[in-house]
Amino acid sequence: MTATIPARGAARADAGPLAQNYHPLPVTLTTGEGAWVRDVEGRTYLDLLAGYSALNFGHRHPGLTAAAHAQLDRLTLSSRAFDHDLLHPFAAALSDLARPVVAGSGPDGAAPMVLPMNTGAEAVETAIKAARKWGYEVRGVPPERATIVVAAGNFHGRTTTIVSFSTDPEARDGFGPHTPGFRIVPFGDADALRDAVDDTTVAVLLEPIQGEQGVVVPPAGYWPAVRELCTAADVLLIADEIQSGLGRTGTTFALELWDVRADLVTLGKALGGGVLPVSAVVGRPDVLGVLTAGTHGSTFGGNPLACAVGIAVVDLLRPGTYQERARTLGAHLHERLATLVDTGLLVGARGVGLWAGLDVEPGRMTGRELCERLLRLGVLAKDTHGSTIRLAPPLVIEPDDLDLALDRLTQALR
């Protein structure tokens with residue numbers, strides 16, 4: 001496939017009325033099934049991006065499309081002005097799934113509370129609002145003084161509040177004045193985080209693994225230390241599992257890798273099964289309970305179609321089959337990537353489960369150039385931050401297809 005590729009940030013000549021807030025690779029997709037997609041010219045590609053983990057179960061998973069089709073014939077939207085028959089079943093299913101990672105919700109503890117929203121950014125905004133309100137009403141933080149500690153290299157969305165504490169100039173610059181109330185510390189440094197917490201701190205907001213930054217996994221003792229210091233300071237721990245959660249890391253939630261529980265967990269992407277946007281905040285009832293009627297809302301949050309698909313996603317995850325696939329195939333993925341590092345084709349590779357960040361020698365090519373080479377070889381991937389690319393294959397990928405993709409990666413690097 002040949003195409004003229006515009007410089008980063010440049011408008012495409014054929015853009016027409018579409019605003020250019022993305023710089024896509026030159027391919028136009030029409031159909032998909034499992035880990036494979038097809039373009040307008042009939043070419044097929046292995047999808048190793050999986051919608052930034054929104055397609056954990058692959059394209060058009062039959063169980064998820066069946067749930068959506070069935071609900072389309074019943075009811076698609078009621079708004080939260082009324083209940084519908086799937087809203088409480090969805091909340092109960094997701095609450096039960098999240099019990100292992102929500103503080104105070106063990107087998108004998110209170111069931112986690114669920115607040116459904118639409119997008120991941122909305123879930124994060126909801127968690128921020130709940131944490132601030134909890135800080136004022138429960139902790140007694142003086143009005144307008146609440147602070148939240150976040151990590152450098154974070155990615156939690158692109159709303160004005162969230163980009164205010166981004167350290168990525170491309171996401172942040174030009175969108176001020178920025179929202180105050182956030183303190184940024186290095187990711188993986190528990191001592192720096194401890195130093196940033198004071199009497200005004202209501203929460204610590206972190207990704208278990210930083211996906212957008214290049215699948216950066218923190219040191220082994222980091223998350224237990226963060227949990228300990230949050231408990232000691234009576235500060236909420238908010239875990240953003242929007243990319244890392246729902247099977248991607250070989251566990252249902254990435255927090256399970258460290259046996260850590262958060263007070264609030266944000267979910268999105270794979271919760272909608274690649275069918276439609278579905279997100280939620282799951283957490284302690286005494287924290288989410290500070291949001292009462294009129295203090296927060298969403299017209300489409302928890303709509304019947306979203307709940308039908310969300311219940312089907314939870315059903316897929318309950319047996320643990322996809323988590324086991326991510327563990328087994330992930331081990332093979334990282335073994336082969338380590339070989340590419342050992343032979344000098346990559347300067348670094350890291351990750352967990354079916355999730356990896358790869359670093360190319362900057363003098364050889366950029367991450368974008370590597371993705372363009374992969375595209376010509378029939379593999380879809382996405383660059384991030386210079387000479388780094390991410391791999392996040394659907395959890396349904398077949399072992400032979402994963403090896404095929406890695407063979408083509410090797411070819412592209414050579």
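**Close-up views of a predicted model**

**View 1. The largest pocket has a volume of about 1400 Å³.** The model is predicted: local features need pLDDT of at least 70, side-chain atom pairs count only at pLDDT 80 or more, and totals for chains, interfaces and linings use all residues. Residues are numbered from 1 along each chain as its sequence is written, and side-chain values use heavy atoms, with hydrogens and water left out. Lining the largest pocket are 49 residues; Y22, Y52, F155, R158 and E212 are the closest to its centre. A pocket is an open set of points on a 1 Å grid over the protein atoms alone, where a 1.4 Å probe fits, with protein on both sides within 12 Å along at least five of seven lines; lining residues have an atom within 4 Å of a point. Volume is the space filled by probe spheres set on the points, which are joined across faces, edges and corners.

**View 2. Where does the lining of the largest pocket come from?** At least two residues each come from α4 (120-139), α5 (160-163), α6 (169-172), α12 (367-376) and β14 (382-383). Helices (H or I, at least four residues) and strands (E, at least two) are DSSP runs numbered from the N terminus. Domain 1 (29-55 + 321-413) and domain 2 (66-318) each give at least three residues to this lining; the bounds come from an automatic or database domain assignment. By class, 15 lining residues are nonpolar, 22 polar and 12 charged. Nonpolar covers Ala, Val, Leu, Ile, Met, Phe, Trp, Tyr, Cys and Pro; charged covers Asp, Glu, Lys and Arg; the others, Gly among them, are polar.

**View 3. The second largest pocket has a volume of about 530 Å³.** It has 19 lining residues, and P24, L49, G51, Y52 and K382 are the closest to its centre. α1 (50-53) and β14 each give two or more residues to the lining. The lining divides into 12 nonpolar, three polar and four charged residues.

**View 4. α12 is largely enclosed by the rest of the structure, because seven of its 10 residues are buried.** Buried means under 20% relative accessible area (1.4 Å probe, protein chains only). The buried residues of α12 are G367, R368, L370, C371, E372, L374 and L375. Their cover includes β3 (44-47), β13 (379-380), β14, β15 (388-391) and α13 (399-413). Contact means heavy atoms within 4.5 Å. Just after α12, G378 takes a positive phi of about 85°.

View 5. The whole structure holds zero disulfides (pairs of cysteine sulfur atoms within 2.5 Å).

Methods
Buried means under 20% relative accessible area, exposed over 50%, partly exposed in between (1.4 Å probe, protein chains only).
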